[in-house]
Amino acid sequence: MKKTTFLILSTLLTLPLMAQKRPFTIDDLIPGGSTYYQASVPETQYLAWWGDICIELGMDKCQKVDMQQKNTEKDSAFSTLTLENINTILSANGRKTIDHLYNASFPYTEKTYVLIDRGREKTLVDWMEKKVIWKADLTPDASNEDWNKDSQSIAYTIDHNLFVLTADGKSHQVSSDGSIDLVYGESVHRDEFGISKGTFWSPDGTLLAFYKMDQSMVSKFPQVNITLPSQTPDGESRIATTSPDPYPMAGETSHKVYVGIFNPQTDKTVYLNTGDPTDRYFTNIAWAPDGKKLYLIELNRDQNHGSLDEYDALTGEKLRTLFTEDNDKYFEPLHPIQFLPWNDTKFVYQTRKDGYNHIYIYNVSGKLVKQLTTGNFEVSDILGFNKSQKTILYTSNEKDPLQQNVFSVDMKGKRTLLGDATGWHNATLSESGNYFIDNYSSPLIARHIDIVSTSDRKGTNIFTAEDPWAEYKVPEVKVGTIKAADGVTDLYYRLILPTDFDPTKKYPAVVYVYGGPHAHNIDATAHWGARGWDIWMAQQGYVMFCLDNRGSEHRGLAFEQATFRQLGVEEMKDQIKGVEFLKSLPYVDGERLGVHGWSFGGFMTTSLMTTYPDVFKVGVAGGPVIDWRFYEVMYGERYMDTPQTNPEGYESTSLLGKAKNLKGRLMVIYGGNDPVCVPQHTLSFMRACIDADTYPDLFTYPGDGHNMMGTDRVHLHNVITRYFEDHLKK
């Protein structure tokens with residue numbers, strides 16, 4: 001391991017924060033609170049690219065940003081790009097007016113077109129010529145909109161059916177038999193494998209690839225609807241109704257997915273000839289640059305074997321398999337291939353086959369050309385390309401496991417850091433790749449926005465926000481490492497001391513835990529990623545502790561796969577190492593330890609309370625997994641295999657048999673209509689506790705899903721806080 005700007009791994013570093021003027025309210029700290037945005041969200045500038053020109057989006061006008069000087073450059077091309085003028089054009093064309101220009105976008109380089117997107121109503125305006133170029137009006141029940149700027153066609157869904165509206169205003173209905181059992185144009189495989197949508201336009205927008213999902217064979221979980229009573233001839237019924245939710249649990253029958261290609265010119269659809277799609281996943285859809293071929297990764301249900309396959313976009317016939325990839329535990333493809341813009345015969349492929357997610361170049365014959373990035377770090381995202389320099393722009397944690405920085409890599413594998421070397425960076429590339437907007441924070445910086453040149457690496461600061469917590473009394477935050485239960489691996493922790501900390505006192509402590517894959521809690525963002533509730537609890541007089549155990553993200557495949565087939569076991573061992581460290585601190589009262597987490601963290605909280613019943617006095621578990629047999633196929637079987645092939649693992653990690661071990665005070669909270677960790681988890685645990693003569697508490701949010709939003713979220717955190725105040729603080 002190496003030294004970094006923020007952290008020497010063998011040494012505890014602290015982040016001293018000076019005492020400020022006033023305490024927080026919970027509304028200041030929790031999303032949905034009445035003062036949350038004013039108190040906790042740093043100010044920003046809204047920026048967009050018009051080719052290589054950076055545009056500042058304002059309430060009343062848009063203007064060009066001078067990327068060499070730290071001011072805004074006046075430009076005659078933007079003198080008419082004002083809210084007043086845009087609304088005049090919209091009104092003259094029978095369109096609804098807008099309240100601001102923060103959402104404006106500029107899809108065409110060198111054309112003075114601005115896209116005004118009002119959700120169902122979309123308008124392309126030439127602000128210089130003062131006319132409407134294109135418009136689309138969708139019905140209120142339309143969703144999943146996907147617009148292609150080249151053809152100006154838009155795909156969308158209504159009631160699980162797929163439609164296409166072409167630039168000439170003609171509406172095409174791609175499907176007519178959509179239902180809860182037959183879904184078109186929507187995300188499939190429960191959003192696993194990097195899937196987030198169900199439509200994919202060809203490069204020129206003339207063909208539309210889409211998902212079709214048949215889930216008629218999937219068992220339906222009977223969600224109960226208490227807010228929309230059914231209508232009867234006698235009036236409104238008072239009886240709750242059921243809302244069937246197709247939910248394939250681990251080891252059970254799963255849905256079937258097909259990939260279609262729709263041609264608006266012919267009104268015809270061709271389906272890929274994949275054969276019987278039973279127990280197979282189709283993911284990472286990508287088009288060839290000429291739009292004649294479609295690529296996807298096919299994954300077996302065991303998720304340990306995948307193939308990159310090529311199909312003819314006109315006939316749907318499979319042309320070949322370019323290559324395959326296997327893993328003895330699981331293979332999880334997350335990124336479609338991306339063709340090099342300067343060479344249509346080569347593409348980028350991301351994989352963790354060497355233990356970390358890296359960038360590889362293959363040719364269209366499926367032959368490896370070169371692995372471009374190597375090392376014990378993870379490439380997190382490819383931002384795009386610089387065609388003139390023939391470089392790939394990406395983000396990774398190469399500088400530090402807690403950071404995310406921007407890099408470029410050339411075709412020889414030379415990597416170059418771009419932008420500031422500290423903190424957590426999110427970047428948006430200009431069209432050519434010559435510049436990027438670098439929006440980042442660090443433990444000492446709330447928000448910093450630079451425009452960075454990818455050629456000379458020089459950055460110009462556009463905006464620096466004030467710390468929104470500057471006027472508040474902020475507790476001290478510390479970050480460091482301890483050894484995992486394996487005695488070798490370094491784990492990062494975050495420790496927050498009580499406001500007005502007195503080292504001579506003994507404080508109760510709460511462990512906040514998540515612990516599952518695809519998530520982390522500690523990073524080099526503002527205040528080391530501390531959550532608002534953590535700060536609130538520190539203000540109430542608690543030591544707050546958090547540890548990213550083995551199994552969490554950004555540390556490589558071996559780190560993640562340490563939990564394979566036994567979710568919760570190694571994670572708990574690591575968390576107990578964190579507890580041992582916590583109890584070694586002279587100001588922590590080891591008899592007053594609490595634990596809280598949500599989702600996988602709710603599973604971890606309940607697991608810790610029932611596996612180590614003498615360690616924690618109080619726990620609050622939110623939306624927990626209780627038994628992995630009740631969880632969905634794709635995620636559950638990746639990490640646990642099936643209940644049929646891993647009965648011992650499912651049995652040993654189930655919390656139903658551990659209900660008898662509960663000693664401390666445990667509250668379980670769940671959304672009454674949770675579609676992720678369905679209510680069966682919580683209700684089954686309550687039944688097991690009743691049968692075992694143990695006494696957890698229960699709180700339900702009727703009508704809410706897996707997470708509480710808006711004012712319900714503030715209410716939730718008041719409930720959690722009160723439980724610790726009532727049972728841990730005393």
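User: Which residues is Trp 424 in contact with, leaving aside its neighbours within four places in sequence?
Analyst: This is a predicted model, where local features need pLDDT of at least 70, side-chain atom pairs count only at pLDDT 80 or more, and totals for chains, interfaces and linings use all residues. Residues are numbered from 1 along each chain as its sequence is written, and side-chain values use heavy atoms, with hydrogens and water left out. Contact means heavy atoms within 4.5 Å. On that basis the partners are Leu 402, Gln 403, Gln 404, Asn 439, Tyr 440, Ser 441, His 520, Asp 523, Ala 524, Thr 525 and His 554.

User: Does Trp 424 count as buried or exposed?
Analyst: Buried means under 20% relative accessible area and exposed over 50%, with partly exposed in between (1.4 Å probe, protein chains only). Trp 424 has 13% relative accessibility, so Trp 424 counts as buried.

User: How far apart in space are Trp 424 and Asn 397?
Analyst: In sequence, 27 residues separate them. C-alpha to C-alpha, the distance is 9.1 Å.

User: In E7, which residue is the bridge partner of Lys 122?
Analyst: Strands are DSSP runs of E, at least two residues, numbered from the N terminus. Two strands pair if DSSP finds at least two bridges between them. Strand E6 (residues 121–126) and E7 run antiparallel, joined by six bridges. The partner of Lys 122 is Ala 136.

User: What is the order of the three strands in the open sheet?
Analyst: The pairing is antiparallel. Strand E5 (113–117) and strand E7 (131–137) are the edges, each pairing on one side only. The order is E5-E6-E7.

Note on methods:
Helix = DSSP H or I, 4+ residues; strand = E, 2+ residues; numbered from the N terminus.
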